[in-house]
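Student: I have a protein model open and would like to learn how to read it. Could we go through some features together?

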Amino acid sequence: MTELKGALIGCGFFAINQMHAWNDVEGARITAICDRDPERLKVVGDQFGIDRRYSDAEALFADGGFDFVDIATTAESHRALVEMAARSNIPVICQKPFAKTLSDAKAMVMACRHAGVALMVHENFRWQTPIQAVRKALDAGAIGIPFWGRFSFRSGYDVFSGQPYLAQGERFIIEDLGIHTIDIARYILGDVRSVTARTKRVNPKIKGEDVATILLDHENGATSVVDVSYATKLSREPFPETLIELDGSEGTIRLTQGYGLQVTNAQGTTTTDVSPKLLPWASRPWHNIQESVHAIQQHWVDQLKRGAEHSTSGADNLKTFALVEAAYDSAAKGQTIDVGAML
Ligand code: NAD
Ligand code: 89V
């Protein structure tokens with residue numbers, strides 16, 4: 001099988017996970033890196049033995065010699081970089097949040113569509129082992145037709161020490177973390193018709209909201225609650241676990257803290273350990289996220305080689321991104337937002 005060559009732009013905090021995962025992915029490797037910060041470029045280049053190093057993305061694309069690009073910068077640079085990739089006819093992975101605005105995100109999808117290049121958003125949470133286990137139980141018909149769900153991420157973990165920019169934006173938890181939780185809700189219960197949300201800032205040291213409660217009306221008639229908080233101090237810190245409750249016509253599913261999957265139906269109750277693997281380069285408690293980075297990057301390569309659509313393609317992610325925008329809009333106006341009108 002031919003090995004694809006990739007270039008990675010953005011050698012910051014999270015890119016280290018992506019670089020480790022690329023080392024393990026079958027069928028691809030990273031041969032060039034780019035960061036406008038010379039120190040980050042050196043750290044990542046030296047750690048992963050990459051000689052082709054660029055401080056400027058235009059120069060990287062001008063030199064070429066790679067089959068895809070992996071954009072691991074923060075959202076403000078995403079549109080320019082994705083459009084650069086489209087102009088160079090290079091398939092592209094873009095980190096979440098996909099863009100700063102929904103109109104930028106739509107333009108990015110259009111640019112790649114016109115260029116005929118694949119575009120996947122690195123929306124990795126749905127690839128976590130416990131989330132995949134919930135999906136499999138539903139697909140196996142374990143609880144019949146789900147009519148209600150709760151997708152919950154409540155934590156007191158200090159995310160600001162690794163990612164200081166999270167304390168500085170006007171928007172915080174929905175844009176950064178809730179975007180994953182909302183994507184999981186869509187993955188499990190399907191697309192959404194309307195959104196009602198409330199937000200709050202509890203931590204006085206940050207600018208944006210750190211608590212959000214979001215009600216989703218799914219197109220299939222199910223209702224779900226997405227509740228996220230970084231202001232929740234618990235006796236046992238759950239970071240970075242998403243807990244799930246699903247009620248269906250024939251039973252219930254509970255994904256509980258510590259990665260237990262409990263399924264109750266007419267046959268009784270079964271409890272399964274659905275813990276993620278601790279990959280050799282991973283560290284607790286991040287191993288759940290780290291394993292999903294490997295999974296989504298392997299999916300990128302496999303689908304690219306088949307010429308098939310990615311689970312979190314740009315077009316798919318517009319539907320998640322619209323829900324983020326709708327949640328902020330709903331919280332600001334105190335109204336329910338119709339999502340269909342936004343897409
Ligand atoms: P970071 O600030 O640590 O790293 C970003 C890097 O990109 C920096 O080194 C910066 O110099 C570089 N950069 C920015 N613009 C550039 C440009 N135009 N050209 C070249 N280099 C440029 O940020 P981070 O914490 O690593 O986050 C990066 C992205 O990953 C964010 O969008 C964040 O939301 C996302 N993220 C995703 C997950 C996940 O699980 N999917 C987890 C953490 C972070
Ligand atoms: O996944 C993320 O985007 C991270 C974190 C889990 C810390 O919120 O920013």
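Student: Where does asparagine 89 lie?

Tutor: Asparagine 89 sits in the loop between helix H4 (78–87) and strand S5 (92–95). Here helices (H or I, at least four residues) and strands (E, at least two) are DSSP runs, numbered from the N terminus. This is a predicted model: local features need pLDDT of at least 70, side-chain atom pairs count only at pLDDT 80 or more, and totals for chains, interfaces and linings use all residues. Residues are numbered from 1 along each chain as its sequence is written, chains are lettered from A and ligands numbered from 1 in the order in which they are written, and side-chain values use heavy atoms, with hydrogens and water left out.

Student: What should I look for in the backbone there?

Tutor: Start with the general idea: most residues other than glycine have a negative phi, and most peptide bonds are trans. Asparagine 89 is not a glycine, yet its phi is positive, at about 55°. Tyrosine 259, also not a glycine, has a positive phi of about 65°, and is found in the loop between strand S12 (251–256) and strand S13 (260–265).

Student: Which residues does the cis peptide bond with omega of about -5° join?

Tutor: That bond links phenylalanine 239 and proline 240. Proline 240 has its place in the loop between strand S10 (223–229) and strand S11 (243–248). The peptide bond from arginine 284 to proline 285 is cis too, with omega near 0°, and proline 285 belongs to the loop between strand S14 (268–273) and helix H8 (287–306).

Student: Now the helices. How do I describe a packed pair?

Tutor: Two packed helices are described by the angle between their axes and the distance between the axes. Axes are lines fitted to C-alpha atoms, for helices over the stretch in contact, and angles run from 0 to 180 degrees between N-to-C directions. Take helix H6 (residues 129–139) and H7: they pack at an angle of about 20°, with axes 10 Å apart. H6 is therefore roughly parallel to H7 (angles under 35 degrees count as roughly parallel, over 145 as roughly antiparallel, 65 to 115 as roughly perpendicular and the rest as oblique).

Student: At what angle do H7 and H9 cross?

Tutor: The axes of H7 (residues 173–189) and H9 (residues 314–333) cross at roughly 125° and come within 9 Å. H7 and H9 are therefore oblique to each other. Their contact (heavy atoms within 4.5 Å) includes Ile179 and Ile182 of H7 and Phe321 and Leu323 of H9.

Student: And the ligands?

Tutor: For these, a residue is near a molecule if one of its heavy atoms lies within 4 Å of it. Of the 25 residues around ligand 1, the nearest are Phe14, Asp35, Lys96, Asn124 and Tyr165. A side-chain N or O atom of asparagine 124 is 2.7 Å from a nitrogen atom of ligand 1, and a backbone N or O atom of phenylalanine 13 is 2.9 Å from an oxygen atom of ligand 1.

Student: Which residues are around ligand 2?

Tutor: Among them are Lys96, His180, Tyr230 and Trp286. An N or O atom in the side chain of lysine 96 is 2.5 Å from an oxygen atom of ligand 2. For histidine 180, a polar side-chain atom lies 2.8 Å from an oxygen atom of ligand 2.

Notes. A polar contact is a pair of N or O atoms within 3.5 Å; within protein, one must be able to donate a hydrogen and the other to accept it, and residues adjacent in sequence count only if both atoms are side-chain atoms.
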